[in-house]
Amino acid sequence: MTDRMADRVPDRETGRKAGLEMGREAGLGKGRGPGRVMSRNLLTDNPELYEARFPDPDRLAGRWAEDCLRRLGAGPRVLDLGCGTGRDAAHLHGAGRTVTAADLSEAMLAHARARHPGPTYVRADLHGFDLGRAAFDAVVCLDSSLLYCHTDDQLDGFLASCRQALSPGGLLVSEMRNGAYFLGRTDLLDTPAVNSFTWRGTAYRSTTTLTVDRTAQLLRRTRVWTSDDGAPPVEQRSSWRLLFPLELRRALAAHDFEVLELHDGPGPRTEPPWQDGQLPGHATEADRLHVVARLHSTR
Ligand SMILES: C[S@@+](CC[C@H](N)C(=O)[O-])C[C@H]1O[C@@H](n2cnc3c(N)ncnc32)[C@H](O)[C@@H]1O
């Protein structure tokens, strides 16, 4: 996060600055409807709420990433890009790796340092970063963080930075939404999806609408949050690159990576989810995309 909003970490005991209260405090931009307030990203700005909304008690994502790294013989030094709350980075640290974890959100980083210690947490922009030449044996980038590269220049910046950060033969492990899923399918689009959950005695309800912006090649999300604590609704907007499997292959090849695995599952966010010992498939049909690529040994 680049704004002051990111510095406001929710009060851990009372949660008073969490949730919609936080969105209201942010006061970022003008509301689009009566009593509606825009927030940058309620969940990213409120890491505790993020973990409550997307619990991963069995550390499935971290276990999947560690399985990829072990199976393909990665060395111990790992960079987790777009690390969010730090859960996966801490899991990799617990598995014996030396982990640096990076995010743009100061709120996420503060939460990660306090709640998931072990890794070294740093602020970095995945569109272009310099955390040392050949400083890592692997880069992991989970839960669609890579898709915050909206433009080709940003994707090139990401891959060029990974190339510089990795030692020869280093691995890139990433999992994300699959742009190809949306070719000819509209089941996830245009119709609002409602989700409810309770956190610290407050009932939250999110209404999420996904649309495809074909010109920008982005999946755009509008999410409206309401809660039963009297706070006004909060509307937030996010976007992800609709990246297609062959496009990703081409971009990786252009940056000297060899694709070892590219598939739609099983993975940590597939249905059914990945289980220990399961090997990757070969199709790229379903809604998640997993990629493991190796930087060529000679540069
Ligand atoms: C969906 S979360 C995923 C977090 C974590 N990897 C996980 O799997 O739980 C995406 C994360 O990417 C971060 N992010 C978004 N844009 C970024 C950028 N340009 N550079 C670094 N991090 C970014 C957000 O702050 C957020 O923490």
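Predicted model: local features only at pLDDT ≥ 70, side-chain atom pairs only at ≥ 80, totals over all residues.
Where is the place of Asp256? Asp256 sits in the loop between helix 8 and strand 11, and its phi is positive, about 75°, even though it is not a glycine.

Let's step back to the whole chain. The protein chain has eight helices and twelve strands, and 44% of its 299 residues are buried. If you take the contacts with a separation of 6 or more, 62% of them come from residues 24 or more positions apart.

Seven strands make an open sheet in the order 4-3-2-5-6-12-11, and the pairing is mixed. At the edges you'll find strand 4 (120–123) and strand 11 (257–263); each has a single partner strand, so one side of each has no neighbour in the sheet. From one strand to the next, the twist averages 20°. Helix 6 (residues 106–115) packs on this sheet, where it touches strand 3 (98–103) and strand 4, and its direction makes about 170° with that of strand 4.

Strand 2 and strand 3 run parallel and are joined by five bridges, with Val78 opposite Val99 in strand 3. Strand 6 (residues 166–177) and strand 12 (residues 288–295), on the other hand, pair in the antiparallel sense over seven bridges; there, Ser174 has Val291 of strand 12 as its bridge partner. Strand 3 has five of its six residues buried, so the rest of the structure largely encloses it.

Next, helix 5 (residues 87–94). Seven of its eight residues are buried, which leaves it mostly covered. The buried ones are Arg87, Asp88, Ala89, Ala90, His91, Leu92 and His93, and their cover includes helix 4 (60–71), strand 2 and strand 3. Just after helix 5 comes Gly96, with a positive phi of about 105°.

Buried in helix 7 are Leu155, Phe158, Leu159, Ser161, Cys162, Arg163 and Ala165. Among the elements covering these residues are strand 2 (77–81), strand 5 (136–141), strand 6, helix 8 (245–254) and strand 12.

What about the ligand? There are 18 residues around the ligand, and Gly82, Gly84, Leu104, Ser105 and Asp143 come nearest. Sorted by class, this shell has seven nonpolar, seven polar and four charged residues.

Finally, some backbone details worth a look. A cis peptide bond joins Gly265 and Pro266, with omega about 5°, and Pro266 lies in the loop between strand 11 and strand 12. Pro272 is found in the loop between strand 11 and strand 12 too, and the peptide bond from Glu271 to Pro272 is cis, with omega near 0°. Then there's Gln217, in the loop between strand 8 (202–213) and strand 9 (218–227). Gln217 isn't a glycine, yet its phi is positive at about 55°. Gln217 is partly exposed, with 16 other C-beta atoms within 10 Å.

Terms used:
Residues numbered from 1 in each chain as written. Pairing = 2+ DSSP bridges. Helix = DSSP H or I, 4+ residues; strand = E, 2+ residues; numbered from the N terminus. Axes fitted to C-alpha atoms, helices over the stretch in contact; angles between N-to-C directions. Contact = placed C-beta atoms within 7 Å. Near = placed C-beta within 6 Å. Nonpolar A, V, L, I, M, F, W, Y, C, P; charged D, E, K, R; others polar. Buried ≥ 20, exposed ≤ 12 C-beta atoms within 10 Å, placed from the backbone.
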